[in-house]
Amino acid sequence: MSTFAGSRLLSSTLTPFLYPCLDSTSASSRQAARRIRLRGGTPSCTRWQSTATTTQEDERPAVDVSQYDHLNPQPVDVSQYDHLNPQPVDYTTNPFTDSCTLTLQAGSGGHGCISFLREKYIENGPPNGGDGGTGGNIYIQAVRGETSLHKLARRGILKAERGRNGEGGGRGGRRGEDVLIQVPVGTIVREVSRYDPLEEETLDMRKNKGYGRDLKDDDPDAGPDQSRKWRRDKWLLYPGALPRNFSAADFPALPRPRRSNLTALQPEAPLRLDLDKPMSTPMLLAAGAMGGLGNPHFVTKSIWRPKYATKGDEGLQLQLQLELKLLADVGLVGLPNAGKSTLLRALTNSRTRIGDWAFTTLSPNIGTVVLDTFAGRPTLSSASGERRTNFTIADIPGLIEDAHLDRGLGLGFLRHIERAAVLAFVVDLSAGDAVQALKALWTEVGEYEKLREAEQNSESERTADSEEGMMAYRPNAPFKSSIYPGAEPEPVSTHEENQQRLQDTVLDAQAGRTLPALSLPAISTKPWFVVATKADLPETQQNFEQLRVYLEKVQKGEEEHPSGKRNAWRKRLHAVPVSAMRKEGVESIPGLVVGLLDS
Ligand SMILES: Nc1nc2c(ncn2[C@@H]2O[C@H](COP(=O)(O)OP(=O)(O)OP(=O)(O)O)[C@@H](O)[C@H]2O)c(=O)[nH]1
Ligand SMILES: [Mg+2]
């Protein structure tokens with residue numbers, strides 16, 4: 001009896017998994033049998049199977065397959081699928097981060113080598129140590145495929161490879177590997193801080209009035225054993241040298257700090273870049289440091305076998321703040337649950353998430369409206385005669401009243417529509433007074449604009465303050481030979497020069513031409529229109545009529561602009577009633593947008 005109960009328990013719970021060949025009803029057993037049939041072979045458990053079948057077939061209870069549903073999913077009924085009213089699980093999602101701080105370190109230089117020629121019959125050959133390799137550079141490139149900064153945010157610190165040390169036989173060290181930072185188009189780069197070891201060295205040199213000057217014995221700072229020790233950390237002695245050899249060594253004047261020729265291509269400090277176009281070639285952010293010099297550089301008339309070389313320089317360190325402001329032609333602004341994502345789905349092929357609750361969308365989504373499929377004549381062309389083949393729409397999380405007080409998801413996501421050429425305010429006709437909803441949205445947009453202005457002012461003040469104490473950095477200074485005795489360092493630029501530089505614009509990625517300063521037009525001066533959604537629901541006509549009348553009055557100047565600003569845009573104000581879920585009324589939107597984009 002107990003055996004039977006045991007076998008019964010076994011067959012009802014574990015059998016399908018542990019002993020599939022015992023359970024003729026399980027899918028795995030069926031598959032095994034099929035495999036055996038196909039192979040035409042005899043399975044090792046044939047006897048088992050037959051025994052089990054004959055002894056247990058009748059008594060075995062029917063297995064409740066419903067409990068294994070997740071292992072044996074039912075085929076999806078494709079006819080149920082609807083792009084505009086999708087299942088809650090039918091959406092795509094990507095990790096998204098729109099701001100991060102990055103620390104970059106250009107590669108340090110490799111050390112110079114101390115080596116001498118040794119051949120048959122040449123015991124004490126001349127020095128032949130190679131120079132150290134240059135450190136790797138750091139480049140940046142805005143590319144179309146990237147949509148978020150999350151990968152960079154996760155890494156935090158990026159270091160280019162150090163140059164290899166020089167080798168004997170006059171072989172120079174290999175240069176370090178470069179680092180390429182790829183960012184989405186629309187990224188703004190600001191410099192937070194910079195540490196330039198070469199600049200420090202140059203200042204040191206000025207302080208000591210001449211590079212390589214050793215402290216004199218009568219110098220108040222110099223004790224008896226501190227003389228001739230200045231910057232000894234920059235030297236390398238021959239392999240196997242003891243510390244006492246080091247203190248006894250007589251070093252020549254240290255060569256002047258050298259910069260790689262590539263530093264001429266670095267943008268001026270402080271960095272402020274607006275990467276609003278895809279870049280065909282990467283742009284240099286930080287050039288690698290130069291390698292140390294091998295011992296042949298220090299041959300003199302009296303010392304023809306120098307037993308020292310110099311170490312490589314340390315790489316430049318930069319701390320940058322990256323901010324992504326997505327670039328789209330149209331920005332959708334609306335209260336939560338207004339139907340923005342459904343509208344985006346109706347106009348584009350986007351698979352953004354839709355749900356009947358507030359804050360379904362938690363990060364921005366961009367969709368592309370294709371105007372010309374190249375199937376025949378161009379469907380729409382811009383006023384300039386240039387053919388516009390598509391435009392992009394950005395859908396952002398919903399704004400609620402008092403979002404500027406950090407309610408809901410706050411106002412941060414408005415940065416992704418602040419560079420849009422046209423704004424589309426999405427209001428839900430079934431959710432109360434549409435005019436009030438529109439005014440509430442404009443209030444939040446106005447608050448965002450105030451915040452942005454305050455931020456810009458504080459940023460320019462901060463940069464100006466930090467400039468005052470900042471070391472002068474002259475990447476465009478002509479390259480000079482490092483071993484150039486008596487050369488004076490470059491003069492330090494004045495505060496006025498730095499101020500001027502601040503007001504100036506930033507360098508373009510490729511051509512080195514200047515870009516306009518990072519200031520954006522007021523949001524209220526952009527063309528805008530209203531999309532009144534859920535017009536298919538009953539009792540929404542009157543609400544829409546009120547909205548239409550209100551917009552007409554705003555256009556004529558009889559009503560104040562909802563932003564409260566006098567110079568706000570009010571040329572042609574449209575309210576488009578649509579049912580995004582049924583894809584009704586949305587067909588007029590592309591034409592309207594193209595008209596506004598070209599106006
Ligand atoms: N009847 C009707 N329902 C709609 C229409 N458009 C959207 N909905 C429904 O409204 C709900 C919210 O739609 P979403 O597109 O997710 O709204 P949203 O504005 O993106 O919401 P958040 O992302 O939370 O800000 C969903 O249940 C949609 O099915 C419409 O035109 N008619
Ligand atoms: Mg949404």
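User: Where does P270 lie?

Analyst: P270 lies in the loop between α7 (243–248) and β7. Note that this is a predicted model.

User: What is omega for the peptide bond from A269 to P270?

Analyst: Omega is near -5 degrees, and the bond is cis.

User: Why does Y121 count as exposed?

Analyst: Y121 has 4 C-beta neighbours inside 10 Å, so Y121 counts as exposed. Y121 is found in the loop between β1 and β2 (138–143). Its phi is positive, about 70 degrees, although Y121 is not a glycine.

User: What makes N337 partly exposed?

Analyst: Buried takes 20 or more other C-beta atoms within 10 Å, exposed takes 12 or fewer, and partly exposed is in between. N337 has 18, so it is partly exposed. N337 lies in the loop between β11 (330–334) and α8. Its phi is near 70 degrees, a positive value in a residue other than glycine.

User: How much of the chain counts as buried?

Analyst: Of its 599 residues, 34% count as buried.

User: How do you know that β5 and β10 pair?

Analyst: Two strands pair if there are at least two bridges between them. Eight bridges join β5 (residues 187–195) to β10 (residues 317–324), so they pair. These two strands run antiparallel.

User: What joins β5 to β7?

Analyst: Four bridges join them, and the strands run antiparallel. In β7, D274 is the bridge partner of I188.

User: In which sense do β1 and β3 pair?

Analyst: Strand β1 (residues 99–105) and β3 pair in the parallel sense, over three bridges. Q105 has K159 as its bridge partner in β3.

User: What is the order of the strands in the open sheet, and what is the pairing?

Analyst: The five strands run in the order β3-β1-β10-β5-β7, and the pairing is mixed.

User: Why are β3 and β7 called edge strands?

Analyst: β3 (157–159) and β7 (272–275) each pair on one side only. From one strand to the next, the twist averages 25 degrees.

User: Which residues come nearest to ligand 1?

Analyst: Of the 25 residues around ligand 1, these are G339, S341, D356, T361 and G398. Helix α8 (residues 340–347) gives the most to the shell, with three residues.

User: How does the shell around ligand 1 divide by class?

Analyst: The shell has nine nonpolar, 12 polar and four charged residues.

Definitions and conventions:
Residues are numbered from 1 along each chain as its sequence is written. Chains are lettered from A and ligands numbered from 1 in the order in which they are written. This is a predicted model: local features need pLDDT of at least 70, side-chain atom pairs count only at pLDDT 80 or more; totals for chains, interfaces and linings use all residues. A residue is near a molecule or strand if its C-beta atom, placed from the backbone, lies within 6 Å of it. Ala, Val, Leu, Ile, Met, Phe, Trp, Tyr, Cys and Pro count as nonpolar, Asp, Glu, Lys and Arg as charged, and the others, Gly among them, as polar. Axes are lines fitted to C-alpha atoms, for helices over the stretch in contact, and angles run from 0 to 180 degrees between N-to-C directions.
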